[in-house]
Amino acid sequence: MALAVGMRVLTRALHRPWARGLRVAPGRTGPAAGGGDGVRCFGSPRVLVEPDPAAGVAVVKMRNPPVNSFSLEFLTELLISLEKLENDKTFRGIILTSDHPGIFSAGLDLTEMCGRKPEHYMEYWKAVQEMWLRFYLSNLVVIAAINGVSPAGGCLLSLTCDYRVLANNPKYTIGLNETRLGIVAPFWFKDMMVNTVGYRTAERALQLGLLFPPAEALRVGVVDQVVPEDQVQSTARSVMAQWLAIPVCRPGVQNQGLGRAVLSPEALGEAPSCLIQPLAAPDDPWPLDASRQSAFPPRGLPACLCLQAPLFLSLVRTLVGFGVHPKSKRISS
Ligand SMILES: CCCCCCCCCCC/C=C/C(=O)SCCNC(=O)CCNC(=O)[C@H](O)C(C)(C)COP(=O)(O)OP(=O)(O)OC[C@H]1O[C@@H](n2cnc3c(N)ncnc32)[C@H](O)[C@@H]1OP(=O)(O)O
């Protein structure tokens, strides 16, 4: 299904480049997540934050209908919310979930990735990387309460979290399905998966573009817990309490050199620009060996990406999977 929808969205975006996927959800206020009096939700049109100051926790709900895809606007709002919470010493943890049960996130917004100007791709790609880095490196404990389907970038976002609770609904699949769309998952997507499920499982999952239903997701370890749908939020809160009982949980993990293995100290210094630098230097020598070159363009490569061939190829050089890109060493070693 993801393949069909992906192709449909891409084709439509090509023919309707003005269709930006910019859907503004109405604002909303309500009681705090913890039910405390006088504490109001805040956020932005696409991101709702339900604070529970007493617990030091905020529930961050993605609400970018219809599928919580990562449009540029949505990414920007999500990052602003995260930054606000990080700068507010009241909060030590966030629970990341969807305001629209059934869909956690459809991942990158496919309409952002074709029919646009090169500058837009740069801006968009930078925002995607920043989202990943900011969540991955956040000093807040982040628990994902996955209450819907979570392909590709949606899965990546959950992989940045410290713990993943998935609702037990066979429709709620999760995984990195990029190859099914004819695109290669960036090496940092791949590294996150390898860190989570191990090399062989990640290799097979990425090559086949597997989307795991809950039982399988738990078995391979892409999620930490599968619970009945109506217990996802409460389980996430219990897990959070367990994490917050540890005085130095997230910074402590970093100090032990665990969990942040994808990033080298060099990349940490100037991460976003460092990561997109190869895209800005499209004349770099082709880094793929002959056998890999013959695999491009992959079968099923969306037509619009073929039309963007020069950009796409330079991106492929940046985004390759499984260690064929020399530059990946500086990030993933
Ligand atoms: C920047 C330069 C780019 C160059 C190229 C480099 C490429 C590098 C990319 C690297 C990594 C990519 C990561 C990604 O995340 S790619 C996105 C992958 N996502 C998917 O495969 C999910 C596709 N969607 C679905 O499977 C289903 O929509 C879903 C199961 C999520 C929900 O199904 P449901 O039946 O509830 O809803 P619909 O399918 O009817 O969809 C509703 C509307 O939403 C539109 N839609 C769906 N997904 C996306 C999406 N990812 N981006 C934008 N829009 C999306 C869908 O078309 C429907 O729209 P309409 O209501 O207008 O018909």
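Me: In which loop is the place of Asn68?

Reply: This is a predicted model, in which local features need pLDDT of at least 70, side-chain atom pairs count only at pLDDT 80 or more, and totals for chains, interfaces and linings use all residues. Residues are numbered from 1 along each chain as its sequence is written, and side-chain values use heavy atoms, with hydrogens and water left out. Helices (H or I, at least four residues) and strands (E, at least two) are DSSP runs, numbered from the N terminus. The place of Asn68 is in the loop between E3 and H2.

Me: Is Asn68 buried or exposed?

Reply: Phi of Asn68 is near 50°, a positive value in a residue other than glycine. Relative accessible area sorts residues into buried (under 20%), exposed (over 50%) and partly exposed in between, with a 1.4 Å probe and protein chains only. The relative accessible area of Asn68 is 1%, so Asn68 is buried.

Me: What is omega of the cis peptide bond that joins Pro65 and Pro66?

Reply: Pro66 is found in the loop between strand E3 (57-62) and H2. The cis peptide bond between Pro65 and Pro66 has an omega of about 5°.

Me: Which residue has its backbone nitrogen reached by the side chain of Glu112?

Reply: Glu112 is placed in the loop between strand E5 (102-103) and H3, and at 0% relative accessibility it counts as buried. Contact here means heavy atoms within 4.5 Å, and beyond four places in sequence Glu112 touches Phe70, Ser71, Leu72, Glu73, His120, Tyr121 and Tyr124. The backbone nitrogen that the Glu112 side chain reaches, at 2.8 Å, is that of Leu72.

Me: Which side chain is joined to that of Glu112 by a polar contact of 2.6 Å?

Reply: A polar contact is a pair of N or O atoms within 3.5 Å; within protein, one must be able to donate a hydrogen and the other to accept it, and residues adjacent in sequence count only if both atoms are side-chain atoms. The side chain joined to Glu112 by such a contact of 2.6 Å is that of His120.

Me: At roughly what angle do the axes of H2 and H3 cross?

Reply: Two packed helices are described by the angle between their axes and the distance between the axes. Axes are lines fitted to C-alpha atoms, for helices over the stretch in contact, and angles run from 0 to 180 degrees between N-to-C directions. The axes of H2 (residues 72-87) and H3 (residues 118-136) come within 10 Å and cross at roughly 35°.

Me: How many residues of the contact of H2 with H3 are charged?

Reply: On the H2 side the contact residues are Leu72, Leu75, Leu78, Leu79, Leu82, Glu83 and Glu86, and on the H3 side His120, Glu123, Tyr124, Ala127, Val128, Glu130, Met131, Arg134 and Phe135. Ala, Val, Leu, Ile, Met, Phe, Trp, Tyr, Cys and Pro count as nonpolar, Asp, Glu, Lys and Arg as charged, and the others, Gly among them, as polar. The division is 10 nonpolar, 1 polar and, for the charged residues, 5.

Me: How many of the 11 residues of H5 are buried?

Reply: The buried residues include Phe187, Trp188, Lys190 and Asp191. H5 is followed by Gly198, whose phi is positive, near 95°. H5 (residues 187-197) is largely enclosed by the rest of the structure because, of its 11 residues, the number buried is 9.

Me: What is the relative accessible area of Ser158?

Reply: Ser158 lies in helix H4. Leaving aside neighbours within four places in sequence, Ser158 is in contact with Phe104, Ala144, Ile146, Arg164 and Ile174. Ser158 is buried, and its relative accessible area is 0%.

Me: Which residue has its side chain joined to that of Arg219 by a polar contact of 2.8 Å?

Reply: Arg219 lies in helix H7 (residues 214-220) and counts as exposed at 60% relative accessibility. The polar contact of 2.8 Å joins the side chain of Arg219 to that of Glu216.

Me: Which residues are in contact with Pro170, leaving aside its neighbours within four places in sequence?

Reply: Pro170 lies in the loop between strand E8 (163-167) and strand E9 (174-175). At 65% relative accessibility, Pro170 counts as exposed. With those neighbours left aside, the residues in contact with Pro170 are Pro213 and Pro214.
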